[in-house]
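Dear colleague,

Please find below the structure that I am handing over to you. My notes on what was found in it follow directly after.

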Amino acid sequence: MTDNALPLRDFDEESEETDSETELLIRHTHSDAAIANSNNNSNNNNHNNSHGQRRRKSSTGYGGIGAIGSPTSGSASFLGNLFSLGSAAGQIRYRNERSRERAKYSNSNSSSGTATRHITSETTSVQTKLAQLTQTDASSGGVDGSAPHPTEIGAPNGIGPHTEIDPENGSSTVFYQNNRRRSKGRSIGNVCKMCLCSCWKKWFRPRELRARSVNLGRSNTEKFPPNEIRNQKYNFITFLPLVLFEQFRFFLNLYFLLMALSQFIPDIRIGYPYTYWGPLGFVLMVTICREAVDDLRRHQRDHEVNSQKYKRLSATHGSGYEMVPSSKLKVGDVIIVEKNERVPADLILLRTSDRSGSVFVRTDQLDGETDWKPRLAVPYTQKLNRDADLHNIDASFYVEKPQNDIHSFIATFSISDGSEDTGLSVENTLWANTVVAAGTATGIVIYTGCETRSVMNNSQPRSKVGLLDTEINGLTKVLFCAVLGLSLVMMMLKGFGGPWYRYMFRFVLLFSYIIPISLRVNLDMGKAFYSWQMQNDDNIKGTVVRSTTIPEELGRISYVLTDKTGTLTQNEMVFKKIHLGIVSHDLDTFHHIGQIIQKLSGNLMQQQGSLSSSSSAGESIKPMFAGNRMRRPEGWREWEAVRALALCHNVTPVSDDEDNRSVSTASTVTGGNNSPTKSVINIEAPGSTDTEHQYQAASPDEIALVKWTEQVGLTLIARDLNTMTLQVKTATEDNDILMQYQILQLFPFTSETKRMGIIVRESKTGQITFYLKGADVVMSSIVQYNDWLSEESDNMAREGLRTLVVAKKMLTEEQYNDFEMRYNAARLSITDRVAKVAAVVESLEREMELLCLTGVEDRLQENVRPTLELLRNAGVRVWMLTGDKLETACCIAKSSQLIGRNQGLHVLRSVKTRMEAHQELNQFRRKQGHALVISGESLEVCLQYYRLEFLELATASPAVVCCRCSPTQKAQVVALIQKHTRKRTCAVGDGGNDVSMIQQADAGVGIEGREGRQASLAGDFSIPQFSHIAKLLLIHGRRSYKRSAALSQFVIHRGLIITTLQAVFSAVFYLSSVALYQGFLMVGYSTLYTMFPVFSLVLDQDITSETAVTYPELYKDLSKGRSLSYKTFFIWVLISIYQGGVIMYGALILFVDEFIHIVAISFSALIMTELIMVALTVRTWHRLMVLAELFSLALYLISLAVLHEYFDWEFIWSYDFLWKVSLITLVSCLPLYIIKFLRKKCSPPSYLKLS
């Protein structure tokens, strides 16, 4: 019999559940002779047994694996037979595994024949073996040898195992009754576990990101996340659990919850339960209402953004589209995005209003870069006649799984007609939160909601806890230890006899007021008041506090991390200065250049008049100023510089008058694999030629240059794939001159070359000119020798201007033809194409004629410079994190005076290895006091190898500029500063790419920019402009922290003093665990009688707003946390112990006969002491403070007259009560006032010296 004869059921195929039910089908495949000799000398059986033992599941729980042998004695038990069956099972399992392996290579027909031949012997073998088992156990009653068919072998009581033999094939089945019962319970447990696991996977497990197919023209059945912007912290289900969890994370609230629960136990109940549950419930209600209001506001703001309407193509509507809110967009929807509209989801671009299929988008809200990015439509869909035809094609997109990389994308466009698939890249996409700069774009939604690139680069909103709350939480733990210590001392004095643990817990309850539950109420109400003050400050109008839990964090800031574009700058480029070598022009003298251009226009007209006659006569045409350089007329420098700026760029003129223009477009693909594709538009204006033009380009710098040339009289009016048209203003507008240029080659700007060039041929003269512009560091070696470029570029850089050097080179026809031949050959090269193309271009960049040096300013936000200087003087270190280029970041750092006048600037060059990072960090270490500039790539390398060393150097630097930072990197930088320095951070930004940074920082500030409100909605605070951050920190942050510190310490003092009274009282009266003040007196003490004066401390201020701004150095002390520290805490503890002891012992000494007189004297002195202590703490009186003091005093006097249960009416009106209370109050407060007066005179704080 072969091993693969029978495809038998194997133990290894059974799960734990089926094993537990113990329905084991055992079909033995050995012959009787083999079984009989297995215990003696069968090596094969031993080999099989060992393999079966190794392969057996441990979860089956059956016996050891051994050979089934004949019975050795009459006393063999049924358990031995069971082990024998287990051994057979092991052998069968091993043979089955071998059978499955061999079955792959054996013939199916022969296998079936073999199985048929061996079934009979299999049946006989098993029947013989079971008969032996029956005879063996017959004497013990375990097996009935005369069982009918099918043969049953089992215990007589029905509890033990029994075996059934099938008479047809001889198979046997062993059943175990006990295991079957256990299996039922185990099955129910497994069902419950499966249900819980499925619910967890459905609701809580992160969604699996995977690639997808998106159909065009057909519906998509797969479900994807909704396209919603969500900045909420909670939903309807999680609101109450999460809020309660956040509250009971604080030891203070958890402690009082336990104390309140203990009042349901009669043996340890003290007083009335409402004295514990009332304050706790009030605290929780205030917190729940505040969180609900804050989250409701976030929901309303999100709803406003999600409700923005977009056009969605629809075949059923007569207009061809329907207006739907962005939250209703789904994967597969085809939408239309108009000019200046925010892209609501990640799209693949299908069609554009530009016939070339290109469109420009602004991505500064995604990556922080100010340059406009060209995007290309899918070629097949762009060729369709109209958008409605998209419904008539059967095509699909296979796109990669969602990821957070905004610079890469892989997808495939497939058509069902069998044509070749089209590969798509990031140039074919429109990411969410980008803005269409010009024209109209039609795209298909591929990612929505949380799967979009912008959201995946953002972190989840977290519940922020202020540093003050953390410090107070630590103090409450100290107070709890004091409660336990005081209770233990009382028990040691009392003795541990009887139910001492009950007395111990009663003492803990009596002293529990040392941890005041009203502390949370006062702090939360104070924070709400601080937030209201910020929003109603006329000096920072437009400020919105979106999170009322952390206003005091603004008073502890050590690092401010800010974005550049839209935060420090307005992203508006202004042409400021041009230097021509011998003369410099700025805003005041630009009109002189315009006058020169108008004068030279006459020469141009004369030249154009002679062109036709010269060309007909066959004479050569000389361009303007083509003679000897020494004989050039006045104004040639200005003319050449202006013409170079008007020609050397990638700018496209666009007219807003849609009715009076026709658009013809083409795409210009420049040399090199990495060169971007630019869209150029040719405007044909049939009407007047003085139509006001707008410009679009990949860089706002180029737009500023072209606008300036238009201002001085040379206007770019048209551009297409091969030509460019300039218009020269003349004295009479009717005679304006048009100059045509043919574009021969275009070399785009790259971060490696740091320059761009263009070769043009003037249409009428045929003159070929190569224009080049770039950064001074690379152009200085390209232009001819001069003695002014380096000095003037440094001067402009110190003024914060972005400089460009412009040069030209005249080419003959032969020179250009030779260059073109070499250039085309390099572009066709298979290997090292980029390097060969660059080498050919560099062959032209030699000994070029220097024309001018330009200076462009990125206009800063209002009052940015004084704001940064205030922060620097306040001891706050400012870091600029931007996604823009390194050169731009350096210019803004200088122009905004982020870097001080006396500070150097160290640029950490690009590093890629550990050795390079080590060298650069050592070099920076030697430059103490220098600001640091580093790129995102170098930052990653430094953090990978030298995290601690880099952070030490960077945090010690006066300023840091991180350029080319992704949104995720910005958040990582904030987290690293928090972890390394343990200081508080504030992040300021205005774009969607700043949301992660804002949410990670201890205090996130969003600016409502022109490009959207996403950062504003995600921030804890929202301001209209960056300059408000100074007053937000120096004034409101200072006041919030100072007031909260004073308020919290005074509330703790209020609990400490009454606990001291209780301790003295219990110690004097035989260590009894009886409350000194019962019922309403305890509740009224912390609410009606002292709440208003204590809470009025939120109106206190140590210095005026003018002083805080005039002397920002005062802010430095706040980061040290001296207003609330263990030192100040223990000072208040000593004050409380002194006052509590004076009041209690004074009342005991002065009372005469009744206990109620002690209560009246001590409680009245306590209330008066608290009111006087508030007055001693106040630094600047407010009329509401006076009103609160008088109101509380009046309430207490009324209570003396009304609460006869607690006060003796006759004693209250007696002279003894008055003088005793006055004496005790005077003794408790007068020494403290004397100490405060002496301290103010001998060692006044710094703010008092200024005032």
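This is a predicted model: local features need pLDDT of at least 70, side-chain atom pairs count only at pLDDT 80 or more; totals for chains, interfaces and linings use all residues.

Cys 289 counts as partly exposed, because its relative accessibility is 43%. The structure holds 0 disulfides. Cys 963, for instance, takes part in none: the nearest cysteine sulfur belongs to Cys 890 and lies 6.8 Å away, whereas a disulfide would require the two sulfur atoms to be within 2.5 Å. With a relative accessible area of 1%, Cys 963 is buried.

**Annotated binding site**

The unreviewed UniProt entry lists Asp 563, Thr 565, Asp 990 and Asp 994 under "binding site". These positions are spread over 432 residues of sequence, yet they cluster in space, with a largest C-alpha distance of 10.7 Å.

Two of the listed residues can be described further. Thr 565 sits in the loop that runs between β19 (557-562) and β20 (569-579). Its relative accessibility is 4%, so Thr 565 counts as buried. The side chain of Thr 565 also makes a polar contact of 3.2 Å with the side chain of Lys 564.

Asp 990, in turn, is placed in the loop between β37 (984-989) and α28 (995-1000). Asp 990 is likewise buried, since its relative accessible area of 5% falls under the 20% limit. A polar contact of 3.3 Å links the side chain of Asp 990 to that of Thr 567.

In soluble globular proteins, nonpolar side chains tend to be buried together. In this model, the largest nonpolar core comprises 102 residues, and the residues with the most contacts inside it are Ile 1029, Leu 1032 and Leu 1033. Helix α30 (residues 1028-1068) supplies the largest share of this core, namely 13 residues. At least three residues of the core come from each of domain 2 (464-543 + 1033-1242) and domain 3 (554-568 + 861-1023).

Which residues does Leu 1033 contact, leaving aside its neighbours within four places in sequence? They are Leu 554, Ile 557, Val 560, Leu 871, Arg 1038 and Tyr 1115.

With kind regards

Key. Residues are numbered from 1 along each chain as its sequence is written. Side-chain values use heavy atoms; hydrogens and water are left out. Buried means under 20% relative accessible area, exposed over 50%, partly exposed in between (1.4 Å probe, protein chains only). UniProt positions are given in the numbering used here, feature names are shortened, and annotations may be inferred rather than shown by experiment. Helices (H or I, at least four residues) and strands (E, at least two) are DSSP runs, numbered from the N terminus. A polar contact is a pair of N or O atoms within 3.5 Å; within protein, one must be able to donate a hydrogen and the other to accept it, and residues adjacent in sequence count only if both atoms are side-chain atoms. A nonpolar core is a set of buried Ala, Val, Leu, Ile, Met, Phe, Trp, Tyr and Cys residues joined through side-chain atoms within 4.5 Å. Domain bounds come from an automatic or database domain assignment. Contact means heavy atoms within 4.5 Å.
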